[in-house]
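User: I am new to this structure and would like to learn how to read its features step by step. Could you start with the general idea each time and then turn to the case at hand?

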Amino acid sequence: MSTSPDILEVLLRPPSGEESIDRKTLAGLLIEIAQSLKPELRAQQNGVRPGDLQFEQLRTLLVGREIETLSRLTGLVDDPERLAAAIGRVLPTAIAQATSDARMGHVLAPVMERAAESSIRTNPGTLINILYPMIVPAIRKSIGETIDETFQRLNQTLKYSLTWRGLKWRWEAWRTGSSFAEVVLRHTLVYQVEHVFLIHRHTGLLIAHVSAENASSQDPQLVSSMLVAIQDFVRDSFSGAEHQGLDQLRLGELRLWSEPGPFAALVAVIRGDPPEGLHDTLRNTLSRIHAERHHALERFDGDSSGLADVEARLRDLVALGEHAPPRVSLARTVVLGFLVLLLILAGTWAASWWHTQQLWQGYLERLRALPGIVITEAGERDGKFVVSGLRDPLAVDPQAVLREAGVNPAWVIASWVPYQALDPQSVLRRLEASLDPPPSVTLAIADDRIVARGSAPRPWLDRAYAVAQALPAGAPGFDLAGVRNEDEADEQQWQAYVEWLRSEPGIVITHSEAHNGNLVVSGLRDPLAVDPLKLLGAAGIDPARVEAHFEPYQGLDPQSVLRRLNASLAPPPSITLAIAGNRILAQGSAPRAWLERAHADAQALPAGAPAFDLAGVRNEDEADEQQWQAYVEWLRSEPGIVITKSEARDGKFLVSGLRDPLAVDPLKLMGEVGIDPARVEVHFEPYEGLDPQFVLKRLQASLNPPPGVTLAVEGDRIVAQGSASSPWIERARRAGNLLPAGAPVFDVSAVRNVSEGALGKLRDAIQARSIRFDNNVMLPAAGQDEILDQLAVELIELAKLSSSLNVISRVTLTGHSDAKGQGTSNLSLSVARAEAVRALLNKRGVDPDQLAVRGAGPLEPLEADTSEAARSVNRRVSFSVGFEEQP
């Protein structure tokens, strides 16, 4: 037996040597052979029987290999160890073939990230061992560059510290805020980047080269190859340098600095003494080149046409590295001049300090004299002046005083906490800022009070009184007695208007005031009360100054209720409404519709409203209503009419209900009663009444009884009498059975079937006859004339009797033949025989329209065609008679 991986490989590989065999077709042929050998197998639904050895062998031949493979596959899937071994064998090949598919990376990325995270969390030392060879050299190199730059700054600083140039550079450092070492390097470092090479790390080919204009150079490709050769020589010659290389090389005035990258190395040839910070510039440029052209560098094969833009980056390095050398002057150390300079500086500083102190003291004195400012601290700290205290927001700005005093604001640190000063000047400023008094009002300080004089509008006075009451304890008083109210006359006029509104019925005043020069009034107003805005003109008030807000409500005083009743009822001229004490009386005459609306309104009046008395109103429609009631009662007595609603509304009459289509027309009865149809609105839905007379009419219309049948009502039944055909009798019985419950019974038992009397006997006699024929002959055999004569007499009598009974008789002639010969010939022969008999009967006076012809051939034999006698009997024309109702 094969191992588990072998089984999986067999399943994944298509079978060899059987491509040309159609196994499905072969199985079908073998099953047909088996069914031919055993026909009873065709009726089996589930295929091979369990105990059939032949079919077991056939199944083994056809699908034995598949069954064995399926069994092995089931064992493989059910055993986790075997399944893992099989998958492990094919998994590397599958992953290798799928590397070209971009989806593989998207699928494996989350799994690899989770695996790495779990591994690092479980054993961090593994990651440290992996990163150590890369991180430690990078850290060592960074520390080395930093130390070199530090020593370079220190050397330059010591070299120029005690020279005249060094003193000038120290002054520049103090003035610009830079360190002395940076200034020394800026003035003394002289270097030039003459060449920049970008070399591919894996192939050693030159990607790009840029040189300065005044720099002499050899072949760039040759230089690039030599540099790569030197790097390889160092790596191969010294142990521990396999993964490193030369990063600096010095040849006299020339320095060669190298910065390695993932795919390319940047090499700069520098003349002079460059700063260590140039390493960062080279490294940043190389990083940007890799970030921008990562894929191009990775696929570089010697063709640099796709990397032409890289030269612009390299040219920036050459441009940034060019510096003009400073002028070199002889160092002079003049100690005496230095000491004189120090004395001058000291004197100047002392004079400046004394002048500044005088300005500062004058500033503090001016602040203490200003109202609204309290100094709590004043001194010096860290070479600057410090002042703090309390300041009223409306007091003079200390910064403005500082500028007026000639003190530099940059020397002063001020901290002021806001507060409200209660001295008269501060309170006066606050009142003027908050109240903004009009030009007609003046505010002034009198002793310990602030006095207001003049004239002002009411809104300003209200705000001023509110502010005066809100002044804190200890503040000077605010006297408003000297201010006259300019709106006093308007307020008196407004009060008179408000009192006028209060006296009007249907108006309730809830609020009225004069606010900001405007007049406000609000309350409740009955929609039928007087309009408050219309009264403004009579009161002499400008409507533009008034803001009115009235909510609608229903006034219950008699005047408001009377107005509402007049508006809602619109009484006719014959009606008068008047107030009598606490009631509203209606007198006169009115139509029924108005009276009903008036009674409805009287009942709908709310509690507390005056009563609405309608006892004095006469109904003008009383005679018409009595006439209408008589008409409705007449309709109720008519059969087939059901009244569901009747009323008199708005001078018109309404009647609705159900009406049988056979009942009397309600509109025709109006003329007899004397009612104008234009005043009546009729709505009757059709229905079928069960009154015997209507049922009788409906049965006569639907059954259309023949002349020999009469229908009549007898008590609660409808009785049919006479004679009719069996189809009509059957229709009548069905109609009686379909009558709804409650309808009269339809009795058809007294109707006699016309086919059961003389007509039936004549039918039986005709159907008992037949005309005989010889073999293959279309005309009747000899001796059939007498039968034809008798048939003609019977058929003529049948037609006469049917006509008298209002019945249509139909006679069908059916031709027959024996079974000898072809079927189509026998069928044509039978039709010809029937046509021949109809023609012979026509000669004997029978109407041919009464006769129908059909051919049965040998399909309707009387006896089996086993003898000549039986075949002779079957060669015939038979007759069948049917009856139909006359239309």
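Analyst: Two strands count as paired if DSSP finds at least two bridges between them. With that in mind, and remembering that this is a predicted model, we can turn to strand 9 and strand 10 (residues 449-456), which pair in the antiparallel sense over six bridges. One of the residue pairings here joins alanine 444 to its bridge partner in strand 10, valine 451.

User: What is the strand order of the open sheet of three strands, and which strands stand at its edges?

Analyst: The order is 9-10-11, and the pairing in this open sheet of three strands is mixed. Strand 9 (441-446) and strand 11 (477-485) stand at the edges, because each has a single partner strand, so that one side of each is left without a neighbour in the sheet. On average, and with direction ignored, neighbouring strands of this sheet are turned by 15 degrees against each other.

User: Which strands does helix 15 touch where it packs on the sheet, and which does helix 16 touch?

Analyst: Helix 15 (residues 424-435) touches strand 9, strand 10 and strand 11, and its direction makes about 165 degrees with that of strand 9. Helix 16 (residues 458-470) also packs on the sheet, touching strand 9, strand 10 and strand 11, while its direction makes about 165 degrees with that of strand 11.

User: Now to the aromatic rings: how is a pair of them described?

Analyst: A pair of aromatic rings is described by the distance of the centres and the angle of the planes. The count here comes to two aromatic pairs. In the pair of tryptophan 360 and tyrosine 363, the centres are 5.6 Å apart with 40 degrees between the planes, and the pair is tilted. Because these two residues are three apart in helix 13 (residues 335-369), about one helical turn separates tryptophan 360 from tyrosine 363.

User: Is the pair of tryptophan 360 and tyrosine 363 buried or exposed, and what of the pair with phenylalanine 385?

Analyst: Tryptophan 360 and tyrosine 363 are both buried. The rings of tryptophan 360 and phenylalanine 385 have centres 4.6 Å apart and planes at 15 degrees, so this pair is stacked. It links distant parts of the chain, since tryptophan 360 lies in helix 13 and phenylalanine 385 in strand 7 (residues 384-391), 25 residues apart. Both tryptophan 360 and phenylalanine 385 are buried, and ring pairs link Trp360, Tyr363 and Phe385 into a cluster.

User: Why does glutamine 357 count as buried?

Analyst: Glutamine 357, found in helix 13, counts as buried because its relative accessibility is 15%, and buried means under 20%. Leaving out residues up to four places away in sequence, glutamine 357 touches Glu380 and Phe385.

Note on methods. Residues numbered from 1 in each chain as written. Predicted model: local features only at pLDDT ≥ 70, side-chain atom pairs only at ≥ 80, totals over all residues. Heavy atoms only, no water. Phe/Tyr/Trp six-rings, centres within 6.5 Å; stacked < 30°, edge-to-face > 60°. Helix = DSSP H or I, 4+ residues; strand = E, 2+ residues; numbered from the N terminus. Buried < 20%, exposed > 50% of the residue type's maximum accessible area, 1.4 Å probe, protein only. Contact = heavy atoms within 4.5 Å. Axes fitted to C-alpha atoms, helices over the stretch in contact; angles between N-to-C directions.
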